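Student: Can you walk me through this one? I'd like to go from the overall fold down to single residues.

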Amino acid sequence: MSIALPGKGIHVLGEPGDWTKPTAPFSSRIAYAAAHVVPRATADNTPGALADIDWDATLAYRHELWSYGLGVADAMDTAQRGMGLDWAATAELIRRSGAEAARVGGLLACGAGTDQLDLAALPSGKEGLAAVLDAYREQIAVVTEAGANVIIMASRALARVATSPEDYLHVYSTLLDEVDRPVILHWLGTMFDPALEGYWGSADIDSATATFRELIAAHSDKVDGVKVSLLDAGHEIALRRALPSGVRLYTGDDFNYPELIIGDDQGHSDALLGIFAGIYPAASTALQELDRGNVERAEEILRSTQELGRHIFAAPTYYYKTGIAFLSWLNGKQAGFSMVGGLASGRSVEHLSTLFVLADRAGLLLDPSLAVHRMGLFLELNGASS
């Protein structure tokens with residue numbers, strides 16, 4: 001089977017990978033896939049419109065991830081928080097995912113942030129910090145009531161009103177004192193969201209890390225783990241080795257995840273990754289091999305997906321969600337290639353054609369005939385078919 005791709009000539013497809021579903025929970029790593037959302041195909045999926053979700057397709061994708069043994073990290077940046085998914089739709093997503101997770105026993109963690117706030121109307125100083133705290137509290141309550149683990153997400157509002165590391169410590173320490181069970185802290189880099197510049201009170205990574213570590217050390221009993229999305233493997237490894245005992249490092253490095261998950265004689269990272277939503281059959285199979293002690297095979301599988309991951313997360317990185325949704329569409333997991341907020345236009349025909357080739361090489365076009373058909377439709381629609 002083959003297809004003509006612009007700038008690439010005739011691409012001959014290979015076979016899907018020999019992927020398997022686990023028969024028991026993973027024992028060597030905890031792994032979450034940060035899932036995307038699927039809008040109704042006929043909804044007003046234009047920039048600025050309120051999100052109108054296809055709940056059947058969106059929840060079916062989460063069941064697919066659970067069936068491969070992965071946890072679901074929901075209502076995160078992969079689900080377009082701050083890029084088309086409004087708070088009302090987010091709260092409904094959390095409630096619905098929570099109900100489905102309870103029904104099948106699926107592992108679920110959900111993001112709690114502050115995106116219900118109007119940044120333009122946000123007061124400064126202590127009033128602003130109080131508003132941020134109340135917004136976090138509202139969202140943490142929704143996640144907790146849904147029965148999900150809480151991920152405290154980085155906040156654009158806090159980045160706007162905080163003037164020092166102490167402001168960050170005040171907000172996060174207050175929240176950690178109030179939660180009734182350990183949470184995951186999420187540090188998202190500016191390559192994912194430029195509005196988070198200077199998070200933790202400094203644009204200098206070493207200074208920001210010192211503040212982050214101070215917070216964790218003071219509240220280690222309330223921190224299940226930290227998700228770090230800075231795309232810097234060296235920084236992650238150093239932070240992982242410095243964390244208090246019992247605090248996990250959930251890698252958010254969609255470039256270097258194979259080496260970080262495999263680890264070394266001083267430890268490894270667990271996973272909370274957007275790329276896992278795209279490569280979930282391979283990721284699950286690799287984790288099964290790790291559980292069996294087949295480290296070399298596990299690493300081989302993960303590395304076979306790495307070029308695809310780096311392409312999907314290439315700059316501008318915040319458009320990686322477009323690639324995740326495109327791969328979902330190619331694999332028949334959603335009826336149309338559409339995204340809330342019009343984000344389906346976030347990548348070029350050339351970029352998505354390369355994604356098609358890399359996904360095929362990684363064995364992740366699960367139904368090659370369907371993928372070829374849909375890729376042909378996409379190229380024709382965009383005036384790029386031969």
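Tutor: We'll start with the sheet and then look at some residues.
Tutor: This is a predicted model, where local features need pLDDT of at least 70, side-chain atom pairs count only at pLDDT 80 or more, and totals for chains, interfaces and linings use all residues. Residues are numbered from 1 along each chain as its sequence is written, and side-chain values use heavy atoms, with hydrogens and water left out.

Student: OK, how many strands are in the barrel, and in what order do they run?
Tutor: Eight strands form a closed barrel, in the order 3-4-5-6-7-8-9-10, with parallel pairing. Strands here are DSSP E runs of at least two residues, helices are H or I runs of at least four, and both are numbered from the N terminus. Two strands pair if DSSP finds at least two bridges between them.

Student: By how many degrees are neighbouring strands of this sheet turned against each other?
Tutor: On average 25 degrees, direction ignored. Axes are lines fitted to C-alpha atoms, for helices over the stretch in contact, and angles run from 0 to 180 degrees between N-to-C directions.

Student: Let's zoom in on strand 4. How many bridges join strand 3 to it?
Tutor: Three, and the two strands run parallel. A34 has A73 in strand 4 as its bridge partner.

Student: Why the two directions?
Tutor: In a regular strand the side chains alternate between the two faces of the sheet.

Student: Which strands does helix 1 lie across?
Tutor: Helix 1 (residues 55-67) lies across strand 3, strand 4 and strand 5, at about 145 degrees to strand 4. Helix 2 (residues 87-104) lies across strand 4 and strand 5, running at about 165 degrees to strand 5.

Student: And what about the loop between strand 4 and helix 2?
Tutor: A75 lies in that loop, and its phi is near 55 degrees, a positive value in a residue other than glycine. A75 is buried, with a relative accessible area of 0%. Q80 is found in that loop too, with phi near 70 degrees, again positive in a residue other than glycine.

Student: Is Q80 buried or exposed?
Tutor: Q80 counts as buried, because its relative accessibility is 1%.

Student: Now K321. Where is it?
Tutor: K321 is in helix 12 (residues 320-330). Its contacts include Q80, D77 and M339, leaving out residues up to four places away in sequence. Contact means heavy atoms within 4.5 Å.

Notes:
Buried means under 20% relative accessible area, exposed over 50%, partly exposed in between (1.4 Å probe, protein chains only).
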